[in-house]
Amino acid sequence: MNPRSFSAVWDAMAPALGDHLWQSTLFAIAAALLTLILRTNYARVRYGLWLTASMKFLVPFWLLVALGSHLSWWRASAGAKAGLYVAVEEISQPFTQPAGSAMSQLTPTRLPPGLTPLVPALLFGLWLCGFGAVLLRYGWRWRQVSGAVRRSVVLRQGREVEALRRIERLTGVQQRVEMLLSRTTFEPGIFGMARPVLLWPEGISHHLENAHLEAILAHELWHVRRRDNLAAAIHMIVEAVFWFHPLVWWLGARMVEERERACDEEVVELGGERRIYAESILKVCEFCARSPLACVSGVTGADLKQRMVHIMSTHLVRKLDFSRKVFLTVAGLVAMAAPIGFGLANATPTPAQSQTDAMSATAPSFESVLIKRSETTPTNAGSNPKMVRMMFSPDGFVATNVPLRNIIQEAYGVEVNQILGAPDWLSSEGYDIEARVGKFEAHEPGLDRRMENRQRLQTLLAERFHLVLHRDTKNLPTYALVIDGHRPKLQAAPSDSTSEGMKASDGRPFGRHQMRMHVDAGQVVDLAARGVSVADLCRHLSQELGTPVVDKTGLEGSYDFNLRW
């Protein structure tokens with residue numbers, strides 16, 4: 001991947017990454033405030049808050065926002081009676097430079113032109129070096145511990161095994177934990193997550209009485225029951241990915257501190273004598289070295305002085321009362337519901353999502369486009385030599401004095417009242433557009449080209465007018481075209497070509513499958529059609545009324561008619 005590719009990826013990912021970092025930082029600060037409020041409660045509660053703050057770095061809020069947006073779109077699509085409309089988010093005239101584009105042109109001048117594409121690549125390289133260094137560090141330590149496990153011998157009998165089985169029943173640990181006798185100086189610790197084993201240093205038992213031994217075993221089995229190794233492994237991933245963020249390292253220290261306190265509290269509540277339990281921890285610290293990995297739960301973690309004070313203090317810890325439980329529940333619901341609610345309230349896709357047809361790599365487009373601003377005000381009056389005209393041909397698309405609103409209507413198959421948020425000039429200024437397709441595309445066989453023509457227009461609007469919009473549903477007024485009476489009075493068009501060359505009331509000839517409207521000086525409207533279906537009539541009436549007209553006649557085939565009012 002070349003530097004310019006890195007620059008393009010960086011431009012796409014940098015805003016989302018920045019949002020994720022400040023949101024995760026704010027979430028961790030909120031968790032810290034909660035732990036401060038709950039400092040007199042059980043350590044396992046605070047540990048859960050720190051763990052949640054750590055996992056937030058792996059779960060960006062935009063996932064929850066996307067979930068809310070998906071629910072919003074699903075809810076909207078479930079309403080069958082709601083009418084489709086498009087909301088314009090951004091649009092500009094093709095002869096003016098959009099503000100966003102001007103800003104993007106000014107930005108590169110801050111750095112030398114040759115250096116700008118290199119900055120994202122250098123940043124990625126720096127992150128990759130830090131990521132690799134953290135992985136190597138953890139990998140080396142894991143190799144040390146796993147090597148000690150491989151060289152260990154399974155302990156089948158003895159007072160250590162008997163005490164281990166007895167404490168398993170007391171702590172409620174369901175799975176059988178094997179004890180491995182190790183010749184290393186590592187402290188007693190739980191290794192593994194799916195099938196954990198207890199790594200027991202050789203010779204430590206000679207310095208421990210039965211009460212000390214049981215206290216240490218109880219501490220380790222509580223690590224198994226709480227699945228502390230799995231939580232520590234998850235945070236190690238966070239530290240590797242976000243190694244540049246000092247907050248994640250601070251979170252890791254707080255997690256180790258609270259998990260050891262949580263196990264201390266469980267051992268004391270199990271019936272262990274506080275003084276003996278504190279002595280057992282000090283004896284382990286005297287004869288053993290601390291485990292090199294956070295995901296190998298030992299007994300000597302966190303600040304020993306504070307732990308001793310905490311263990312020996314009586315009536316220092318209290319359970320969560322009802323008010324604090326409600327407080328934590330509400331805080332958790334708010335943290336989950338806020339981004340989902342934001343997605344529900346702002347179910348606006350990104351430009352790439354909102355215009356998938358126009359911006360898709362496979363969407364058809366015009367080969368050449370010429371756009372000029374019309375000199376006269378758009379009008380549908382037939383007497384005006386600069387009347388509005390818009391039509392597709394096998395060679396492309398031609399529009400004369402056409403307001404941009406009409407082109408949006410044709411491109412997205414909507415009417416005037418289905419376009420929201422558009423500026424006033426969309427209807428007041430006309431444009432002359434001449435767009436041509438390639439020679440191969442012009443002669444490509446196909447019966448119905450309406451969808452393909454619409455996609456070409458969508459691409460033109462997005463590229464030349466910088467149109468950004470999204471679709472949504474809303475209750476809109478509509479008209480229904482029905483049959484008045486038992487039988488329709490429309491005359492079916494003849495199957496031969498006898499109507500070819502017929503003239504409308506303005507005297508101009510037109511052929512079959514055409515419709516023309518003329519307004520004379522007295523504002524009398526004459527609509528003439530030759531070989532036109534009722535569906536085409538509904539589309540034309542929708543354009544004139546600015547409101548969708550739905551065909552409820554059930555009539556098929558083509559008709560010749562003149563409407564005058």
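**Exercise 1.** Explain why helix H15 (residues 404-412) counts as largely enclosed by the rest of the structure.

*Solution.* Step 1: eight of the nine residues of H15 are buried, so the helix is largely enclosed by the rest of the structure. Buried means under 20% relative accessible area, exposed over 50% and partly exposed in between, with a 1.4 Å probe and protein chains only. Helices (H or I, at least four residues) and strands (E, at least two) are DSSP runs numbered from the N terminus.
Step 2: the buried residues of H15 are Leu404, Arg405, Ile407, Ile408, Gln409, Glu410, Ala411 and Tyr412.
Step 3: just after H15, Gly413 has a positive phi of about 65 degrees.

The model is predicted: local features need pLDDT of at least 70, side-chain atom pairs count only at pLDDT 80 or more, and totals for chains, interfaces and linings use all residues. Residues are numbered from 1 along each chain as its sequence is written, and side-chain values use heavy atoms, with hydrogens and water left out.

**Exercise 2.** Describe the chain as a whole.

*Solution.* Step 1: the secondary structure comes to 19 helices and 17 strands.
Step 2: of the 565 residues, 42% are buried.
Step 3: take contacts (heavy atoms within 4.5 Å). Among those between residues at least 6 apart in sequence, 74% join residues at least 24 apart.

**Exercise 3.** Locate the largest nonpolar core and find which helix gives the most to it.

*Solution.* Step 1: a nonpolar core is a set of buried Ala, Val, Leu, Ile, Met, Phe, Trp, Tyr and Cys residues joined through side-chain atoms within 4.5 Å.
Step 2: the largest has 32 residues, and Met179, Leu198, Trp200, Leu217, Tyr277 and Ile311 have the most contacts inside it.
Step 3: elements that each supply at least two residues of this core include helix H6 (159-171), strand S5 (197-201) and helix H7 (210-226). H7 gives the most, with eight residues.
Step 4: leaving aside residues up to four places away in sequence, Leu198 touches Leu164, Val177, Met179 and Leu217, among others.
Step 5: a second, separate core of 28 residues includes Ile419, Leu426, Leu460 and Leu467.

**Exercise 4.** Which residues lie nearest the centre of the second largest pocket?

*Solution.* Step 1: of the 30 residues that line this pocket, Phe27, Lys56, Phe61, Ala335 and Pro339 lie nearest its centre.
Step 2: a pocket is an open set of points on a 1 Å grid over the protein atoms alone, where a 1.4 Å probe fits, with protein on both sides within 12 Å along at least five of seven lines; lining residues have an atom within 4 Å of a point.
Step 3: helices H1 (3-37), H2 (43-56), H3 (61-78) and H12 (322-345) each supply at least two residues of the lining.
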